Amino acid sequence: WLKHFAPPAPEPTATKRAFRPGDCRPQCPFPIPAAPVGAMPSMRSAALACALALAAPTIGAEPAGVDVVVAHYKEDLSWISKYATPGVRFRLYSKGAEPAESATVLPNVGRESHTYLTHIIRNYDSLAPWTVFTQGVTPEWGYRGGDSSSGHLTDRILFADYLRPFPDGKDSFFALSTATHLPRGIQSTRIGMLTDKLKNISNGLCPADGAGGWSDWWFDAKHPHHRAGKKMLEFYHQHVLQDGLAPAEMRRPLTIAFCQGARFSVSRERILSRPRAYYEALLEQVSQEIDPIQGYFLEAMWHDVFHAERPQSKGELCEYMPLPKGSAISPTMMYQVTARRLNIDGLASGFVAARSLMDAYVVETTEPPSEEVSTTEEMVATTEMMVATTE
């Protein structure tokens, strides 16, 4: 049986190059991808078992150069087989009723923040040179309200990009996809998370077009950043920066950009730049409830957790759209305004309908439903605007 897992012999080449994730990977004696809808449970179990077998570290092997920390609840993990290559080790942590095979079982508290912090604390003295932190959902483009189809990838970034240590000499890899302005809790979304038709992309920390790479600021009354904006600022200063500011100073307005979905990569040195006690204190903050508000806070603050020398309280990481002088627009209006900007300014490779943005980035909002506008009507309106701007 083990012969099925032996990597294929490399083909003779004239020159050698550095190994890249995906160059070679063991083959499973049965298909790895998720079983078709309606397949027998045994097929799904077999595929998952094979995926986990490929991800498990080899006994007696040298420590992996890349650890992938997966915060699992009930997601299908068959996707990991695609990335289970030499030098990449998956560290699975499960909190669901049916833990993944070979996973470390954790109490169901604190969301992914609890999982990430637990891994750091338990492995503080034996961290891999490069660690990827990710939720259990399959890494795919777009965001759909946080459900199992929300892969959280933006622009044309691939999950393999997170597995590549020290890209361009950098000791971390973050792709900021959302900005929140506190304490108001209004949001701005990276355009690359809304559409995959952008002509100009960066695949880096910030969008390629500066402020133009972000949506206009929008508002959702249900968003935890709005409901607990002042508390979020206090948490940021007290527990992340630990800067000792007075309460009044903590509540100064601040824009924080973050990776929606909490996926990022950091070097061992980045993690060790903070003492173990620092992470233990953060863990205490997210260990009391299944879905603590502090978990949403930390999702927005991981960059500053690992970059103490460059906190966003001292300077913005990206250039953002100007803050609205009055109220922010609704999510529905954000889709419409963004689509018109993309079409009129020629920023996309084809016509972009507001409905397509809404389908790619789902916001569960309390705003009343708006009247539907057909794609044809939208194209006509956009064309008229384009003509008017050129006259």
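Let me begin with a cluster of rings: Tyr-116, Tyr-124, Phe-133, Phe-174, Phe-264, Tyr-278, Tyr-279, Trp-302 and Phe-306 are linked by ring pairs. Rings of Phe, Tyr and Trp (its six-membered ring) pair if their centres lie within 6.5 Å; planes under 30 degrees apart count as stacked, over 60 as edge-to-face and the rest as tilted.

This is a predicted model, in which local features need pLDDT of at least 70 and side-chain atom pairs count only at pLDDT 80 or more, while totals for chains, interfaces and linings use all residues. Residues are numbered from 1 along each chain as its sequence is written, and side-chain values use heavy atoms, with hydrogens and water left out.

The structure holds 22 aromatic pairs. One of them is Trp-79 with Phe-90, an edge-to-face pair at 6.1 Å centre to centre, with 75° between the planes. Trp-79 is buried, at a relative accessible area of 8%, and Phe-90 is buried at 4%. Buried means under 20% relative accessible area, exposed over 50%, and partly exposed in between (1.4 Å probe, protein chains only).

Now a pair from the cluster. The ring centres of Tyr-124 and Tyr-279 are 6.5 Å apart and the planes stand at 55°, so this pair is tilted. Tyr-124 and Tyr-279 are both buried.

Next, a helix contact. His-114, Leu-117, Thr-118, Ile-120 and Ile-121 in H2 meet Arg-276, Tyr-279, Glu-280, Leu-282 and Leu-283 in H9. Contact means heavy atoms within 4.5 Å, and helices (H or I, at least four residues) and strands (E, at least two) are DSSP runs, numbered from the N terminus.
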